[in-house]
Amino acid sequence: MSEFRTIVHLDLDAFYCAVEEQHQPSLRGKPFAVGGLPEYRGVISSCSYAARQLGIHSAMPMARAVKLCPDLIILPSNHKVYSQRSKQVMNILKQASPLVEQISIDEAFLDLSHKSEPAKELALSLQQEILQKTNLSCSLGVASNKLVAKIATDVGKSSVKTTTYPQAIQIVPPGTEADFLAPLSLQMLWGIGPKTAEKLNSIGILTLGQLAQWPVKDLVNRFGKIGYDLHLRANGVDNRELTTYREPKSISQENTFSRDIGDKNKLMDQIRKQSESIASSLKQSNLLGATVKVKIRWPDFSTITRQATLLEPTDDPQLIFNQARKIFLEHWQEGQPIRLIGIGITNLQAPKKQLTMWDEVDYEKIGHLEAALYQVKSKFGENSISKGTKKLTTNSPTESSHDQRPK
């Protein structure tokens with residue numbers, strides 16, 4: 001077996017649009033986008049390659065996209081279907097390798113170091129299998145590590161000039177990582193944003209090759225530890241292993257309003273719904289959260305995030321709501337319009353299960369029940385259903401009733 005790893009980065013080409021085209025073949029070759037409506041401040045989640053030829057791209061406000069292309073076809077997101085199709089692809093990857101790291105709904109790494117076939121052959125075989133079994137196009141980057149494999153995919157896709165799916169394959173042979181990266185712009189490298197790039201440009205560093213050759217001591221003096229990391233990355237060094245499972249670091253919900261809202265009741269209703277959704281997610285994941293965060297965006301796009309830590313970790317929607325409400329009201333004036341509001345919870349941990357002296361508590365069932373209650377309330381209204389209280393009574397008049405709900 002080779003001393004070098006064979007890491008593949010897979011990116012499904014215009015994934016949402018590809019799925020939509022399968023349901024509506026008439027969309028093929030036309031400029032269309034998946035996302036929110038322009039009149040409701042929607043943004044583009046994905047757009048067809050025909051739309052990209054017109055300068056439209058993901059994360060662009062839909063209103064701007066419509067100005068660039070008045071005939072742009074706009075489709076709503078169908079995340080349930082996208083998730084199902086994504087799972088089909090990920091299952092194919094898991095059959096090819098026991099080491100698969102899914103990094104988004106349409107991206108993943110897999111380790112094929114155990115395979116003896118040439119990298120090009122492995123990539124082509126995987127690409128064809130996904131196309132045959134799902135009718136979805138994908139592009140692949142293959143290298144000795146995750147960093148270079150991801151950049152290889154981006155380079156491969158950008159080098160294909162087409163109005164349809166690129167289906168690119170870019171191989172970076174072991175030992176050529178630095179040479180492959182050398183001519184690329186700084187912002188192709190993970191960890192370099194506009195501000196860092198500007199600082200590097202100011203001292204004469206314009207490409208990854210120049211960054212790789214720059215004295216490490218000077219980079220550390222200027223940027224601290226990140227300077228050393230930049231030196232390693234620019235030389236194509238990345239020793240990270242694939243992460244096949246990630247513990248969630250936070251759970252959050254947010255909503256951008258179609259029109260600014262300043263009505264207190266409506267805002268409180270939104271905070272309550274988000275709190276209940278977060279609590280439901282916590283229960284389904286068998287987790288408790290300790291720190292409640294509130295995000296507020298004003299009409300001028302200025303944004304604040306504030307947080308507070310509870311005395312005890314919880315998955316109780318009422319406790320989350322109470323804390324979120326308190327934080328919000330500390331930073332909001334009556335009638336002040338809000339563009340976006342979001343609630344999150346961090347400092348997640350597994351619950352310490354304690355049984356009551358009266359009964360054994362099935363926490364899993366309780367979690368499922370809470371999730372079901374939230375779904376019913378979401379569909380039929382806040383007062384459509386509520387939890388009852390079960391009491392244990394005895395024949396002895398001297399014994400008191402005991403609430404059997406878990407505390």
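Visitor: Which residues is I130 in contact with, leaving aside its neighbours within four places in sequence?
Guide: This is a predicted model, where local features need pLDDT of at least 70, side-chain atom pairs count only at pLDDT 80 or more, and totals for chains, interfaces and linings use all residues. Residues are numbered from 1 along each chain as its sequence is written, and side-chain values use heavy atoms, with hydrogens and water left out. Contact means heavy atoms within 4.5 Å. With those neighbours set aside, I130 meets L10, V89, I92, L93, N135, L136 and C138.

Visitor: Which residues touch the most other members of the largest nonpolar core?
Guide: A nonpolar core is a set of buried Ala, Val, Leu, Ile, Met, Phe, Trp, Tyr and Cys residues joined through side-chain atoms within 4.5 Å. Buried means under 20% relative accessible area, exposed over 50%, and partly exposed in between (1.4 Å probe, protein chains only). The largest core has 35 residues, and those touching the most other members are L10, L93, L110 and I130.

Visitor: Which element gives the most to this core?
Guide: Helices (H or I, at least four residues) and strands (E, at least two) are DSSP runs, numbered from the N terminus. Elements giving two or more residues include strand 1, helix 5 (119-134) and helix 4 (79-96). With 7 residues, the top contributor is helix 4.

Visitor: Is D13 buried or exposed?
Guide: D13 sits in the loop between strand 1 (7-12) and helix 1 (15-23). Because its relative accessibility is 0%, D13 counts as buried.
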